[in-house]
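Please read the following report alongside the sequence and the coordinates.

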Amino acid sequence: MRSGRTTDERAPGEGARGGRAPGAGAPGERSPGGRAPGARGAAPKQDRSRATRQRLLASAVTCLAERGWTGSTVAVVAEHAGVSRGAAQHHFPTREDLFTAAVEYVAEERSRALRELPTPASVYAAVETLVGLYTGPLFRAALHLWVAASNEPQLGPRVTALEARIGRETHRMAVALLGADESRPGVRETVQGLLDTARGLGLANLLTDDSARRRGIVAQWARLVEASLRS
């Protein structure tokens, strides 16, 4: 009978005659450079794992935006990310795990988008920039998460807390972009009214391309905001 293990099936670090491979120490022994055997390969493996996780989260957001909650199963997200379902379930054992992590991912991406907003050249540009936050794929994905959270007990508290945080960050960024002084009467309400209108325009954009009508509303809100800031 054969021994059951070919020469190509040696244990890691085992040489051709059953000893340790050249340069390989005993288990747990560090190499002369001070690094444990295999440490050089650990970092790339961790990098690949992080990259796979990021692809899955980004795909979860895209699938939510394009297919909604019902159509965004783990299998669908895995296929979109280009990974096996087994690999997806290694990172996120359940659908709830995946989309709970996606909630945090969406929140962080929206925060990053806020931090990276360019300095506007005018009040109109600032209003247009703020409205743009609510008409892109991140907001669309967030809307689907809101709907899912209303029916999924595991998602509800997380989505509510993160949305409150994003709301505060968005308001602070709007004040900065507009150069608004909220100590003046009516200015805070004007800024909040603008953001509420922008959210509504984002909802209207879900079903049809509302860009033509939106341009007129943006122009009118820019005039209203500018008048409020000057008064």
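## Salt bridges

A network of salt bridges links Glu-109, Arg-112 and Glu-116 in this predicted model. The structure holds 11 salt bridges, and among them is the pair formed by Glu-108 and Arg-115, whose closest N and O atoms lie 2.9 Å apart. Glu-108 counts as partly exposed because its relative accessibility is 38%, whereas Arg-115, with a relative accessible area of 53%, is exposed.

A salt bridge also joins the side chains of Glu-182 and Arg-188, at 3.3 Å from N to O; Glu-182 is partly exposed at 27% relative accessibility, and Arg-188 is partly exposed at 44%. In helix α9, Arg-230 and Glu-226 are 4 residues apart and therefore separated by about one helical turn, and they form a salt bridge with closest N and O atoms 2.9 Å apart. Arg-230 is exposed, at 66% relative accessible area, while Glu-226, at 30%, is partly exposed.

## Helix α7

Helix α7 covers residues 156-178, and its end C-alpha atoms are 32 Å apart, which agrees with the 33 Å that 23 residues should span at 1.5 Å a residue. Its buried residues include Val-159, Leu-162, Ile-166, Thr-170 and His-171, and the buried residues of α7 pack against α4, α5, α6, α8 and α9. Just after α7, Gly-179 adopts a positive phi of about 65°.

## Annotated region

An unreviewed UniProt entry places the feature "DNA-binding region" at residues 73-92. Over residues 73-92 the chain is 75% helix and 0% strand, with the end C-alpha atoms 12 Å apart.

Technical notes. Residues are numbered from 1 along each chain as its sequence is written. This is a predicted model: local features need pLDDT of at least 70, side-chain atom pairs count only at pLDDT 80 or more; totals for chains, interfaces and linings use all residues. Side-chain values use heavy atoms; hydrogens and water are left out. UniProt positions are given in the numbering used here, feature names are shortened, and annotations may be inferred rather than shown by experiment. Helices (H or I, at least four residues) and strands (E, at least two) are DSSP runs, numbered from the N terminus. The expected span of a helix is 1.5 Å times one less than its number of residues. Buried means under 20% relative accessible area, exposed over 50%, partly exposed in between (1.4 Å probe, protein chains only). Contact means heavy atoms within 4.5 Å. A salt bridge is a side-chain nitrogen of Lys or Arg within 4 Å of a carboxyl oxygen of Asp or Glu.
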